[in-house]
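Please look over the model shown here with its sequence.

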Amino acid sequence: MAHDFPKDAVKYSQSPVFTEETIPAALQRDHYTKEGVWGRIVVTSGALVYTRINQPAHTIHAGETAIIFPEELHHVAADGTVEFQVEFHRVPQAEGAK
């Protein structure tokens, strides 16, 4: 698995802004993105704990981002007050590719 965000990835969607009170339950339990879909967690205030399968938990602070790898189990939890959103990216397929 690649460990860097693809340079040619294009943002195609983003979540609403979540707070410690509005984080959906689905994000707080293990879940994953689809094949070929990369995510970027963008924390705008406070702190968020991001846990990837088989990795130690990592706290993301305001002004920081974290990568969500395609098809990798992960979950998040508020560390006090927080505001964040998730951007979704994918690499465009070459023209004519199937």
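This is a predicted model: local features need pLDDT of at least 70, side-chain atom pairs count only at pLDDT 80 or more; totals for chains, interfaces and linings use all residues.

Residues are numbered from 1 along each chain as its sequence is written, and side-chain values use heavy atoms, with hydrogens and water left out.

**Core**

A nonpolar core is a set of buried Ala, Val, Leu, Ile, Met, Phe, Trp, Tyr and Cys residues joined through side-chain atoms within 4.5 Å. Buried means under 20% relative accessible area, exposed over 50%, and partly exposed in between (1.4 Å probe, protein chains only). The largest core has 14 residues, and those with the most contacts inside it are Ile23, Ile41, Val43, Leu48, Tyr50, Val76 and Phe84. Two or more residues of this core come from each of strand 3, strand 5 (65–68) and strand 6 (74–90). Strands (E, at least two residues) and helices (H or I, at least four) are DSSP runs, numbered from the N terminus.

Contact means heavy atoms within 4.5 Å. Leaving aside residues up to four places away in sequence, Ile23 touches Phe18, Gln28, Leu48, Val76, Ala78 and Phe84.

Valine 37 belongs to strand 3 and is buried, at a relative accessible area of 9%.

**Salt bridges**

The structure holds 2 salt bridges, each defined by a side-chain nitrogen of Lys or Arg within 4 Å of a carboxyl oxygen of Asp or Glu.

| Pair | N to O distance |
|---|---|
| Lysine 11 – glutamate 87 | 3.9 Å |
| Arginine 52 – glutamate 72 | 2.7 Å |

Lysine 11 in strand 1 (residues 10–14) and glutamate 87 in strand 6 are 76 residues apart, and the pair links distant parts of the chain. Lysine 11 is partly exposed at 41% relative accessibility, whereas glutamate 87 is buried at 17%.

Arginine 52 lies in strand 3 and glutamate 72 in the loop between strand 5 and strand 6, so this pair ties together parts 20 residues apart in sequence. Arginine 52 is buried at 18% relative accessibility, and glutamate 72 is buried at 9%.

**Surface**

Tyrosine 32 lies in the loop between helix 1 (25–28) and strand 3 (37–52) and is exposed, with a relative accessible area of 55%.
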